Amino acid sequence: MINKGKIVIIGASNVGSAILGKITDFQLASEIVLIDINADKAKGEALDASHATSCIYSTNINVHTGTYKDCQNAGIIIITAGPSIRPGEKPDRLILAKTNTKIMNSIMTEIIKYTKDAMIIAITNPLDVATYYISTHFDYPREKIVGTGTMLETFRFRRILADHYHVDPKNIHGYILGEHGNSAFTAWSTVNIAGMPLEHLDDCFNFSQKINRQAIEDAVVQVAYDIINLKGWTNTGIAMVACRFIKSILYDEHTILPMSAVLEGEYGIRGVALSIPRMVCAEGIVKSFEVKLSSKETNQLLESAESVRNALSNI
């Protein structure tokens, strides 16, 4: 039997530990299993988190280390394992493709020994390469594999735009689509603030100077590398993204979010994983949406597909 409240986190480094912390903070699981090749690191993180769940504000969550056998009855498996871009390195996630594809191969080989029922949330970079690889090289239901994709860029975009107009970011609607990386693009045709269309925002907010779209797009891409160079890694934002997906799955929300999965002809694209709006619920991805894009945005999506294809051809 599947235990929907059981979450397995593979990878206990900066991202994995941040996700562990957020899951316990938001009480999104009854049991959390931590798996890492560094057994001492995993045990330390599990002990720390398990003690935190004993406070009066928290549910008593069973947090412990484990092995891949623990995937057998898990509801959700989160894959964070693999190296990331480090301070001073070339700001391009695609350079990690060869190394992290090998890691994905070893992880999925173990997972499929024990389950094909759990929802898998892929976070390892390059995200779209990893998502495509595990979706197409293993006998695992594709609808149960969710790449976090451009959800993080979308969160960042909404914050940057919200700061510009001095408004609650939850009132910002719109997507960053394509590759989780340098070729991600802002789908400006999807953007509005509380129903107010993009072309009227400056007038609505009494801004005399028109918004600089290019500056905002550049900031969305650059901010990830700013964070890496300043603190050494990114983990808090992606941990919140992971929890957003977990909540959508646990509560069967049928939420529409930008996420990465293999395209099956949407926008005429096949043979690659990219982020477009998709509906996710307890059963996985149930629908993909071809939102109307401008011709420029459609071309940007095609360029993203080519960027990821080039990385796939080199692994």
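A: Histidine 166 sits in the loop that leads from H5 to E7. The model is a predicted one, and here histidine 166 has a positive phi, about 55°, without being a glycine. Its relative accessibility is 69%, so histidine 166 counts as exposed, the cut-off being over 50%.

E7 is part of an open sheet of three strands, ordered E7-E8-E9, with antiparallel pairing. E7 (172-177) and E9 (196-197) are the edge strands; each has a single partner strand, and therefore one side of each has no neighbour in the sheet. Between E7 and E8 (residues 185-193), which run antiparallel, there are five bridges. Within this pairing, leucine 177 is placed opposite phenylalanine 185 of E8. Helix H5 (residues 151-165) packs on the sheet and touches both E7 and E8. The direction of H5 makes about 135° with that of E7.

Asparagine 206 is not a glycine either, yet its phi is positive at about 60°. Asparagine 206 is located in the loop between H6 (201-204) and H7 (213-231). With a relative accessibility of 70%, asparagine 206 is classed as exposed.

The peptide bond between asparagine 125 and proline 126 is cis, with omega about -5°. Proline 126 belongs to the loop between E5 and H4.

What is the state of H4 itself, covered or open? H4 is mostly covered, since nine of its 10 residues are buried, that is, under 20% relative accessible area. The buried set consists of Leu127, Asp128, Val129, Ala130, Thr131, Tyr132, Tyr133, Ile134 and Ser135.

H3 and H4 cross at roughly 35°, with axes that come within 10 Å. The crossing of H3 and H4 is right-handed. On the H3 side the contact involves Ala97, Thr101, Met104, Asn105 and Met108, and on the H4 side Val129, Ala130, Tyr133 and Ile134. Sorted by class, the residues of this contact of H3 with H4 are seven nonpolar and two polar, with no charged residues.

Between H4 (residues 127-136) and H9 (residues 295-313), the packing angle is about 65° and the axes are 10 Å apart. H4 and H9 make a right-handed crossing. Here H4 contributes Asp128, Val129 and Tyr132, which meet Val308, Ala311 and Leu312 of H9. The contact of H4 with H9 has five nonpolar residues, one charged residue and no polar ones.

Valine 286 is found in E12, which covers residues 284-288. Its relative accessible area is 45%, so valine 286 counts as partly exposed. Apart from neighbours within four places in sequence, valine 286 contacts His254, Met279 and Cys281. Histidine 254 is 32 residues from valine 286 in sequence, and their C-alpha atoms are 8.2 Å apart.

Finally, the whole chain gives the setting for these parts. The protein chain has nine helices and 12 strands. Its radius of gyration is 19 Å, close to the 20 Å given by the globule rule for 315 residues, so the chain is as compact as a globular protein of that length. Along the principal axes, the C-alpha atoms fill a box of roughly 55 × 50 × 40 Å. Of the 315 residues, 52% are buried. Of the contacts between residues at least 6 apart in sequence, 70% join residues at least 24 apart.

Key: Residues numbered from 1 in each chain as written. Predicted model: local features only at pLDDT ≥ 70, side-chain atom pairs only at ≥ 80, totals over all residues. Heavy atoms only, no water. Axes fitted to C-alpha atoms, helices over the stretch in contact; angles between N-to-C directions. Helix = DSSP H or I, 4+ residues; strand = E, 2+ residues; numbered from the N terminus. Left-handed = near helix turned anticlockwise from the far one by under 90°. Contact = heavy atoms within 4.5 Å. Nonpolar A, V, L, I, M, F, W, Y, C, P; charged D, E, K, R; others polar. Buried < 20%, exposed > 50% of the residue type's maximum accessible area, 1.4 Å probe, protein only. Pairing = 2+ DSSP bridges. Rg over C-alpha atoms; globule rule 2.2 N^0.38 Å.
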